[in-house]
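Here is a short tour of one protein chain, from its overall build down to a single side chain. Have the viewer open as you read.

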Amino acid sequence: MTPVILSGGAGTRLWPLSREMFPKQLLALTGRQTMLQETALRLAGIEGAGAPIVVCNDAHRFTVAEQLRSIGIPAGGILLEPVGRNTAPALALAALQALKTDPEATLVVAPADHVVRDARRFQEAAVTAAGLAAEGKLVTFGIVAHAPETGYGYIRRGEGLGPAYPVAQFIEKPSLDVARQFVASGDYFWNSGMFVFKASRFLEELASFAPDILAATTAAFEAAKADLDFVRIDKAAFERCRADSIDYAVMEKTRSAVVLPLDAGWSDVGSWASLFDALPADEEGNVLRGDVLVHDTHDCYVHSTSRLVTAVGMDDHIIVETKDAVLVAPKERVQDVKELVTQLKRSGRGESSLHREVFRPWGSYDSLDAGERFQVKRLSVKPGGVLSLQMHHHRAEHWIVVQGTARITCNEKTFLLSENESTYIPIGAQHRIENPGKVPLHIVEVQSGSYLGEDDIVRFEDNYGRKGTST
């Protein structure tokens with residue numbers, strides 16, 4: 001079986017932790033591993049599972065690759081979507097990729113940002129689903145509904161003897177009264193967005209019900225180019241593909257869809273309230289993360305990233321602190337967090353998409369301070385990491401090494417800088433930082449000049465195949 005991980009979401013409902021350029025699937029929200037890593041490990045545990053195919057946003061590619069490498073799961077392909085087109089086109093690309101190496105490939109599809117507490121039960125269900133897929137079925141996992149949730153879509157099962165049942169109907173998010181009726185009947189399941197089917201069967205059904213999507217994705221895939229560890233899908237061709245979900249494009253129309261019930265502690269972690277429910281609470285009903293101190297506080301989620309966060313007399317609230325933003329909201333209003341993100345985008349504020357600490361393939365930088373004509377950053381360069389050979393038109397830079405050893409290029413000169421040593425990079429000089437050592441390199445960078453934007457970069461060489469300014 002070939003695992004397929006869909007990792008294209010932005011996760012705006014979990015702002016300020018989750019942001020467009022570093023969404024929730026890349027964060028460790030429920031354990032030591034990130035959600036992407038937990039998903040990859042869960043899929044790798046399925047009997048007969050091969051290397052996963054990941055479909056992700058171009059901007060996340062280096063982080064996705066690094067997170068998979070760090071848990072010893074090399075990808076069978078990282079497909080870069082140039083634009084978002086929902087799940088049907090994404091899965092068409094994954095199916096085409098799988099068929100390149102295995103004409104009988106069975107796909108096990110999972111979003112990168114879901115929680116499944118009982119991994120073994122899911123893995124056993126996936127093997128059962130693979131048997132059904134071998135018979136030509138398109139299997140979707142239906143989550144056994146323990147409560148009348150209004151934030152999930154539902155699947156109504158048809159008549160059958162099990163373990164899977166024909167899909168009778170897909171239903172959009174219901175009202176609370178209707179959800180109560182669904183749960184009481186026992187015939188309705190939460191729509192998990194997880195699937196098992198043969199790649200060839202999915203493409204056959206896509207050809208029948210959405211031939212335009214198949215044609216556009218095939219053209220985009222055939223024009224794709226290899227780029228380091230990635231498959232860069234052709235942008236012009238993929239932009240011509242209409243957006244549609246697999247449910248609308250195929251699953252609601254095919255006669256081969258079946259729902260396999262699954263009771264394995266699943267959550268889509270689609271809001272702060274659902275993340276709270278997915279985590280163990282203390283004796284006061286609180287979930288506390290980071291440097292947190294509370295008094296007379298109950299049933300709250302309090303998360304600190306960079307400083308002490310305290311709360312007194314709070315009940316049923318979400319409190320989340322990051323280096324550059326703080327969220328406070330009643331649990332029953334957390335769905336409105338997306339409205340805050342919309343306002344941030346409308347006003348052109350960077351907090352909607354970027355954290356103060358920004359990750360790059362060579363490491364990361366953290367913006368510590370800024371004012372008129374100056375900016376201070378802390379650069380962290382991984383062992384072996386190399387920044388691009390670049391220059392700036394409008395700013396000079398001063399570098400002070402605070403940990404490790406740096407190999408510096410400044411025009412024709414190349415030299416080493418050790419701890420407590422510094423150098424100056426004039427405006428217009430070609431320059432580069434490398435970490436030749438075995439420990440992380442930390443540099444304080446002081447920028448000065450008339451314009452300090454990240455788009456004032458001209459790249460001459462880059463070990464990671466990057467072009468332009470911001471990736």
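The report below starts with the whole chain and then turns to a few of its parts.

**The chain as a whole**

Please keep in mind that this is a predicted model. The protein chain holds 11 helices and 30 strands. Its radius of gyration is 24 Å, which agrees with the value near 23 Å that a compact globule of 471 residues would have. Among the contacts with a separation of 6 or more, 68% are between residues 24 or more positions apart. On the charge side, there are 49 positive and 60 negative side chains, and the centres of these two sets lie 4 Å apart.

Some overall values for the protein chain are gathered here.

| Property of the protein chain | Value |
|---|---|
| Box filled by the C-alpha atoms, along the principal axes | roughly 75 × 60 × 40 Å |
| Buried share of the 471 residues | 52% |
| Accessible surface | about 20900 Å² |
| Share of the accessible surface from carbon and sulfur atoms | 50% |

**Helix α2 and its cover**

Helix α2 spans residues 61-70 and is mostly covered, with seven of its 10 residues buried. Those buried residues are Arg61, Phe62, Thr63, Val64, Ala65, Gln67 and Leu68. What lies over them? The cover includes helix α1 (35-44) along with the strands β1 (2-7), β2 (53-57), β3 (77-81) and β11 (230-232). After α2 comes Gly72, which has a positive phi, near 75 degrees.

**Strand β3**

One of the elements covering α2, strand β3, is itself mostly covered: five of its five residues are buried. In a regular strand, side chains alternate between the two faces of the sheet. In β3, Gly77, Leu79 and Glu81 belong to one side, Ile78 and Leu80 to the other, and both faces are covered. Strand β3 runs parallel to β2, and five bridges join the two. Across this pairing, Leu79 in β3 has Val55 opposite.

**Leu214 in helix α7**

Elsewhere in the chain, Leu214 sits in helix α7, which covers residues 211-222. Is Leu214 buried or exposed? Its relative accessible area is 18%, and buried means under 20%, so Leu214 counts as buried. Apart from neighbours within four places in sequence, Leu214 is in contact with Leu203, Leu206 and Ala207. For a sense of scale, Val167 is 47 residues from Leu214 in sequence, and their C-alpha atoms are 23 Å apart in space.

Terms used
Residues are numbered from 1 along each chain as its sequence is written. This is a predicted model: local features need pLDDT of at least 70, side-chain atom pairs count only at pLDDT 80 or more; totals for chains, interfaces and linings use all residues. Side-chain values use heavy atoms; hydrogens and water are left out. Helices (H or I, at least four residues) and strands (E, at least two) are DSSP runs, numbered from the N terminus. The radius of gyration is taken over C-alpha atoms; the globule rule is 2.2 Å times the number of residues to the power 0.38. Buried means under 20% relative accessible area, exposed over 50%, partly exposed in between (1.4 Å probe, protein chains only). Contact means heavy atoms within 4.5 Å. Accessible areas come from the Shrake-Rupley method with a 1.4 Å probe; for residues, only the protein chains shown count as cover. Lys and Arg count as positive and Asp and Glu as negative; His and the chain ends are not counted. The place of a charge is taken as NZ of Lys, CZ of Arg, CG of Asp or CD of Glu. Two strands pair if DSSP finds at least two bridges between them.
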